[in-house]
Amino acid sequence: MTFQTIPSRIDPSSELFATNTGAYQALVATLRDRQQIAIDGGDGRQKSIDRHHARGKVMARDRIDLVTDDNTPFLEFSTLAAWGQYNDEAPGAGIVTGIGVVHGVPWVFIANDATIKGGSLLPVSIKKHVRAQDIAAENGLGVIYLVDSGGAFLPLQDEIFPDRDHFGGSFHRQARMSARGLPQLSVVLGGCTAGGAYVPALSDEVIMVEGIGRIFLGGPPIVKAALGEIIDPDDLGGAVKHTRVSGVSDNIVSTEHEAYARLREICATTNRRKVDHDGGWLERTEVEPPVYPATDIYGIINDDSRIPFDATEIIARLVDGSRFATFKPEWGTSIITGFARIHGYLVGIIANNGIIFSEAALKATHFIELCEQRRIPLLFLQNTTGYMVGDDAEASGIAKHGAKMVAAVANATVPKYTVLIGGSYGAGNYGMCGRGFDPRFLFAWPNSRIATMAADTAETVLVDIRRAGLKADETSEEQIAEIARTIREQYETQSDPYYATSRLWDDGLIDPIHTRDILGLCLSLAARQDEPAAGPGIVYRM
Ligand code: COA
């Protein structure tokens, strides 16, 4: 097995390449537009942005910018959470999360956006908050909470409050991360009412900004209703009260800017490994850019999604020097397996080239075990319509072979990363390390699709099922056509990448040309950790 530069068969001067590029650029333009709407758009949002500024308050993303080191990247997650939900009144679900660098150390940031529903937490906001905490826990990162929130979004309290991954689950995570030595720091920049009060209260260190930061278990209206007391919010739970009287807060500052300077000082005392910490468990070689430009990816992915593209061409544009050591290239060819380096880190890549057949499932299983044994992180590039069906496939034992792959993925303890570069259908989503299999990060490209099956297959299957249940003489062809149309529409809507990202089935839609750098950043987080303990070593050979 040798590392060889992948020979590309793409012709960038072809008409097809130009057509595909044009179509993909339009997809990327839509992505950027929608992200911009999430950042500063939304129905009637301008009024609350103006009010926020009039109070002398800084916007959530600018707050993060004031804390992080100059000229360092910020990897924002799920910018388009809640897209198309809640009457489009909650861009980004009213919360900004991501990884930023402070004094050379990576931190997870969770910042409420008070210009959206007062920063209160809708069901998707809670999901985003909890997901950011899980990313922190798995990648060994401390969390900085920039709190400015009305707490639970009360009209939907049943979808936020009591369940495992609801508000309670976020406090459970916070307490456990703190106990594990992952610092939890809060800056209180607005309301922290009721449950929201526990975010700072459970933090290792708290900063409150005078005049804007408030913490109370029950705000003035509740106090009035319960006790008949009329009290000013600042007197009840302002920075002076909590820093000089109750001791709930550890620091008081007069302005937001002072708060961020103080926060940076606190970060400097947390004794955490830096981004470029050497002595981690992943060896790193010199970084080399790929031989082929990343923008070629736009021309490689066919505008007509029914026409397949070769995943090897994508790998060639993601990995160092475009060099790849393929594993078993002449067997089970509908999956490509092999080793490469991304930003100097060795990874095992598993990429689909269409439907997964039995041999391909076995090869992938074998390869996952190799990476597990050799302690090499795994990268899954998903583009599959799923596992093969039919008489021959069943006879070849596809159900069991697919299950072996699923089991191997589930039990692999090395860091796993998934990128949806095309279709993610059926159990292919599982075997290729979909969300249910806890990849450390899962990103999707704007051409991706995710569903149990493709819309035309669903139409055929469900129409057949419905037809069988209907009395032939009572059902007209128009009714059948209407059923078909409804099913197709439903599948097309629900497999759209914006539908998926809105619900946090991924950690964000990304422009393909950023994929390599994002993966490099994710790998660098794993590299600064201690080696994860190996699993029980499930062995499924042929
Ligand atoms: N649930 C639902 N909506 C909430 C909310 C909550 N917990 N907190 C704020 N909102 C909404 C408001 O209804 C308002 O909606 P609108 O823009 O559609 O009118 C919007 O968020 C802004 O709230 P507003 O009170 O005008 O903003 P503010 O900046 O003056 O005050 C808060 C912000 C958070 C201090 C204040 O809204 C508040 O105290 N909210 C209730 C907090 C609470 O009791 N939470 C209990 C959680 S268990």
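Trainee: Leaving aside its neighbours within four places in sequence, which residues is Ser149 in contact with?

Mentor: Asn112, Gly118, Gly119, Ser120, Leu121, Gly191, Cys192 and Thr193; contact means heavy atoms within 4.5 Å. A word on the ground rules: this is a predicted model, where local features need pLDDT of at least 70, side-chain atom pairs count only at pLDDT 80 or more, and totals for chains, interfaces and linings use all residues. Residues are numbered from 1 along each chain as its sequence is written, and side-chain values use heavy atoms, with hydrogens and water left out.

Trainee: Why does Ser149 count as buried?

Mentor: Its relative accessibility is 7%, and buried means under 20% relative accessible area, exposed over 50%, partly exposed in between (1.4 Å probe, protein chains only). Ser149 therefore counts as buried.

Trainee: And what makes Asp43 exposed?

Mentor: Asp43 has a relative accessible area of 62%, so the label is exposed. Asp43 sits in the loop between helix H1 (15-40) and helix H2 (45-54); helices (H or I, at least four residues) and strands (E, at least two) are DSSP runs, numbered from the N terminus.

Trainee: How do you know that the buried residues of H9 line one face of the helix?

Mentor: In helix H9 (residues 239-246), the buried residues are Ala239, His242 and Thr243. Seen down the axis, they fall within an arc of 90°, so they line one face; the arc is that of the directions from the helix axis to the C-beta atoms.

Trainee: Which exposed residues does the face turned away carry?

Mentor: Arg244 and Val245.
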